[in-house]
Amino acid sequence: MTLRLGRHEFPDTATLMMAIVNRTPDSFYDKGATWAEDKAFERVALVAAQGAEIVDIGGIKAAPGVEIGVAEERSRVVDFVARVRESFPDLVISVDTWRAEVGSAVCAAGADLINDAWGGADPELVDAAAEAGAAIVCTHTGGVTPRTRPYRMEYDDVVAAAIADTVAYAERAIAAGVDPASVVVDPAHDFGKNTFHSLEVTRRLGELVATGYPVLVSLSNKDFVGESLDLPVGERLTGTLAATAVCALAGARIYRVHEVVETRHTVDMVDTIAGRRPPKRAIRGLQ
Amino acid sequence: MRVVLVPGVLALLPEYAGLEDPVAELRAACVAAVGWLGADPVVLADPQGERVARALLTQAQAGGAPATGSGGGVVAGAPPARVLVVGNGSARRTEKAPGFLDGRATAFDEALGASLRAGRPEVDARLAAELWASVTGIERMADLGDLGPAQVDYDDDPFGVQYWVLRWQT
């Protein structure tokens, strides 16, 4: 099935880079590097030039911290979305929010996709997506409250839980009127999960792919990579790309990333090994 | 009689296609010449060259290249109407070439190229083997007699391998 992300369509064979653009002063990886609007806009221009198909704009960091109300979140993202929409008509604009009110506002400003990292915490978010004709990312968080860390969470089978919850969320979105071609699922590494859970989800990602919904993975520089290798933020790229390769082999479609170029190379290489993509240019031994 | 020579480049085969075609110019010349030749020619080639010939015939048909004449099969005792020859010069022309540099390659290709263009190919089979030249099909051209001057569609060595695309009409 063709993947439809707002005003953009992609064939079944396409893999997509979703570049993270934080309009936050405190996100874990960039620590506010793109907090200023012009810096965030420069980041959009950079990742677009690097070939990212999607930008994922977020106004609130995932980790606990100062509470950001609706008005403040809107002020961080809505006008910025409009500016990106005007300057980059070919770019898919995603907004990382769990709030229906923010979702409606950013879609009106030109967003194509609502990336709900918090598993449907606001039940009206699906209605906002449906009304706007936007796509939605349905994540698995184990039911945690937005912006909380997992604490002693356990699952009988974390993959089964991720499939059950994301598919239920997807069906709820479709029932609300979201185009079935516009529903993406994300097992949400590290969200409601300890490192062992995230590793198991990675190892068994093919089971999520088998649901038939396009799978998004958000692996970039996360704690499960850091804990696996005992490396701090800033030294997790190699581990991130290894996890990326495993997910790519299993058939993930969208990659939410800090490093666009490195991830694109990794995913293209894996797809080429898997026989889903021809080599770019092959002449060795064939002259 | 129409005769075409193309090189046995495996990159011309669909099973070795990449996202970008590394031999686009060569392929265009081959497909045009094979289209001019027409359908169902007699093929003079080694087994790999035979595969290349079949692929080019398919590509020429798919590309809508004009297929002239009808039926090219061999009539007993009569010369064939159409002949597709697969062969090429040395693969040892440069240090980056598949067979590395052999100083004799350039002179060998010049002599072979000149004889081909004149329509009377002369091949030193032992030297050809040492220089990684694929001449099985070219050697069998002797049976076709004097072809006269060739039309040269392609004459280059983009990977240190000498390729020709030539046409004769007698």
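How many salt bridges are counted between chain B and chain A? The count is one, and the close-up views below, taken from a predicted model, include that pair.

**View 1. Salt bridge between Lys280(A) and Glu20(B).** The closest N and O atoms of Lys280(A) and Glu20(B) are 3.5 Å apart. Glu20(B) is also one of the residues of chain B that lose the most area to chain A. Six residue pairs are in polar contact between chain B and chain A, both residues being at pLDDT 80 or more.

**View 2. Interface of chain B with chain A.** Ten residues of chain A are in contact with 14 residues of chain B. The two chains bury about 1100 Å² between them, and carbon and sulfur atoms account for 66% of it. On the side of chain B, Leu19(B), Glu20(B) and Pro22(B) together give 45% of what that side buries. By class, the side of chain B that touches chain A has twelve nonpolar residues, one polar and one charged.

**View 3. Largest nonpolar core.** This core has 73 residues, and Val55(A), Ile57(A), Val84(A) and Ile136(A) have the most contacts inside it. Helix 5 of chain A, residues 158–176, contributes seven residues, the largest share. A second, separate core has 35 residues, including Leu13(B), Val34(B), Val43(B) and Ala55(B).

**View 4. Surroundings of Ile136(A).** Leaving out residues up to four places away in sequence, Ile136(A) touches Leu113(A), Ile114(A), Leu125(A), Val126(A), Ala129(A), Tyr169(A), Ala173(A), Val178(A), Ser182(A), Val183(A) and Val184(A). Ile136(A) is among the residues with the most contacts inside the largest nonpolar core.

Definitions and conventions: Residues numbered from 1 in each chain as written. Chains lettered and ligands numbered in written order. Predicted model: local features only at pLDDT ≥ 70, side-chain atom pairs only at ≥ 80, totals over all residues. Heavy atoms only, no water. Core = buried A, V, L, I, M, F, W, Y, C linked by side-chain atoms within 4.5 Å. Buried < 20%, exposed > 50% of the residue type's maximum accessible area, 1.4 Å probe, protein only. Helix = DSSP H or I, 4+ residues; strand = E, 2+ residues; numbered from the N terminus. Contact = heavy atoms within 4.5 Å. Buried area = accessible area lost by both parts, 1.4 Å probe. Salt bridge = Lys/Arg side-chain N within 4 Å of Asp/Glu carboxyl O. Polar contact = N/O pair within 3.5 Å; in protein donor to acceptor, adjacent residues only side chain to side chain. Nonpolar A, V, L, I, M, F, W, Y, C, P; charged D, E, K, R; others polar.
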